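Subject: Structure handover

Hello,

Here is the structure for your files. My notes follow below it.

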Amino acid sequence: MIIFECILLTFMIICAISVSSTKNLLSSVIIYMSYSLILSVVWLLLRSPDLAITEAAVGAGVTSTLFFITLKNVNKLLESGEEDEYEEK
(Lines give C-alpha, C1' and ligand atoms only; values in the text may rest on other atoms or scores of the structure.)
Protein backbone atom coordinates (compact mmCIF):
# COMPACT_ATOMS: atom_id res chain seq x y z
CA MET A 1 0.00 0.00 0.00
CA ILE A 2 2.87 2.36 0.75
CA ILE A 3 4.28 1.79 -2.74
CA PHE A 4 0.92 2.73 -4.28
CA GLU A 5 0.82 5.93 -2.21
CA CYS A 6 4.35 6.83 -3.27
CA ILE A 7 3.42 6.27 -6.91
CA LEU A 8 0.37 8.53 -6.55
CA LEU A 9 2.39 11.27 -4.87
CA THR A 10 5.04 11.02 -7.58
CA PHE A 11 2.38 11.39 -10.27
CA MET A 12 0.94 14.39 -8.42
CA ILE A 13 4.34 16.09 -8.38
CA ILE A 14 4.87 15.31 -12.06
CA CYS A 15 1.42 16.71 -12.93
CA ALA A 16 2.00 19.86 -10.89
CA ILE A 17 5.32 20.55 -12.60
CA SER A 18 4.06 19.74 -16.09
CA VAL A 19 0.96 21.94 -15.77
CA SER A 20 3.12 24.98 -15.17
CA SER A 21 5.71 24.11 -17.82
CA THR A 22 3.40 23.07 -20.68
CA LYS A 23 2.97 25.64 -23.45
CA ASN A 24 -0.24 24.18 -24.89
CA LEU A 25 -3.24 25.34 -22.85
CA LEU A 26 -5.41 22.36 -23.75
CA SER A 27 -2.74 19.98 -22.53
CA SER A 28 -2.46 21.99 -19.31
CA VAL A 29 -6.18 21.62 -18.65
CA ILE A 30 -6.06 17.87 -19.27
CA ILE A 31 -3.06 17.49 -16.96
CA TYR A 32 -4.84 19.56 -14.31
CA MET A 33 -7.86 17.28 -14.62
CA SER A 34 -5.67 14.21 -14.08
CA TYR A 35 -4.07 15.94 -11.08
CA SER A 36 -7.52 16.41 -9.55
CA LEU A 37 -8.44 12.78 -10.15
CA ILE A 38 -5.21 11.59 -8.52
CA LEU A 39 -5.90 13.87 -5.58
CA SER A 40 -9.38 12.41 -5.18
CA VAL A 41 -7.83 8.92 -4.97
CA VAL A 42 -5.43 10.23 -2.33
CA TRP A 43 -8.39 11.56 -0.33
CA LEU A 44 -9.97 8.10 -0.55
CA LEU A 45 -6.79 6.52 0.77
CA LEU A 46 -6.85 8.99 3.65
CA ARG A 47 -10.36 7.71 4.45
CA SER A 48 -12.14 10.92 3.60
CA PRO A 49 -14.74 9.98 0.98
CA ASP A 50 -16.64 13.26 1.22
CA LEU A 51 -13.56 15.24 0.15
CA ALA A 52 -12.78 12.68 -2.54
CA ILE A 53 -16.23 13.06 -4.10
CA THR A 54 -16.01 16.85 -3.86
CA GLU A 55 -12.55 16.91 -5.44
CA ALA A 56 -13.67 14.64 -8.26
CA ALA A 57 -16.82 16.64 -8.93
CA VAL A 58 -15.48 20.16 -8.55
CA GLY A 59 -11.79 19.76 -9.34
CA ALA A 60 -11.97 17.38 -12.26
CA GLY A 61 -15.54 18.01 -13.39
CA VAL A 62 -16.74 21.57 -13.02
CA THR A 63 -13.41 23.39 -13.11
CA SER A 64 -12.15 21.48 -16.13
CA THR A 65 -15.41 22.11 -17.96
CA LEU A 66 -15.12 25.83 -17.24
CA PHE A 67 -11.52 25.80 -18.47
CA PHE A 68 -12.57 24.06 -21.71
CA ILE A 69 -15.33 26.63 -22.30
CA THR A 70 -12.89 29.45 -21.61
CA LEU A 71 -10.36 28.04 -24.06
CA LYS A 72 -13.06 27.73 -26.69
CA ASN A 73 -14.09 31.37 -26.19
CA VAL A 74 -10.48 32.59 -26.20
CA ASN A 75 -9.87 30.80 -29.50
CA LYS A 76 -12.96 32.49 -30.95
CA LEU A 77 -11.66 35.88 -29.80
CA LEU A 78 -8.25 35.23 -31.30
CA GLU A 79 -9.76 34.14 -34.62
CA SER A 80 -12.04 37.20 -34.83
CA GLY A 81 -9.14 39.48 -33.83
CA GLU A 82 -7.01 38.12 -36.65
CA GLU A 83 -9.82 38.75 -39.16
CA ASP A 84 -10.13 42.36 -37.99
CA GLU A 85 -6.40 42.90 -38.51
CA TYR A 86 -6.62 41.62 -42.08
CA GLU A 87 -9.63 43.83 -42.85
CA GLU A 88 -7.81 46.97 -41.66
CA LYS A 89 -4.79 46.36 -43.91
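Patches are made of residues with over 30% relative accessible area and no salt bridge; like charges are joined within 9 Å, and nonpolar side chains (Val, Leu, Ile, Met, Phe, Trp, Tyr) within 5 Å. A salt bridge is a Lys or Arg side-chain nitrogen within 4 Å of an Asp or Glu carboxyl oxygen. Areas are Shrake-Rupley values with a 1.4 Å probe, and for residues only the protein chains shown count as cover.

Ile3, Ile7, Phe11 and Ile14 make a nonpolar surface patch of about 400 Å². Ile3 sits in helix H1, residues 2–21. Helices are DSSP runs of H or I, at least four residues, numbered from the N terminus. Ile3 is exposed, at 66% relative accessible area (buried is under 20%, exposed over 50%, partly exposed in between; 1.4 Å probe, protein chains only).

This is a predicted model: local features need pLDDT of at least 70, side-chain atom pairs need 80 or more, and totals for chains, interfaces and linings use all residues. Numbering starts from 1 along each chain as its sequence is written, and side-chain values use heavy atoms, without hydrogens or water.

pLDDT, the predictor's confidence per residue from 0 to 100, averages 88. H1 is highest at 94, and H3 (residues 49–88) lowest at a mean of 84.

There is one aromatic pair. The ring centres of Tyr32 and Phe67 lie 5.8 Å apart with planes at 75°, so the pair is edge-to-face (centres within 6.5 Å; planes under 30 degrees stacked, over 60 edge-to-face, the rest tilted). Tyr32 is in H2 and Phe67 in H3, so the pair ties together parts 35 residues apart in sequence.

Best wishes

Definitions and conventions:
Helix = DSSP H or I, 4+ residues; strand = E, 2+ residues; numbered from the N terminus. Phe/Tyr/Trp six-rings, centres within 6.5 Å; stacked < 30°, edge-to-face > 60°.
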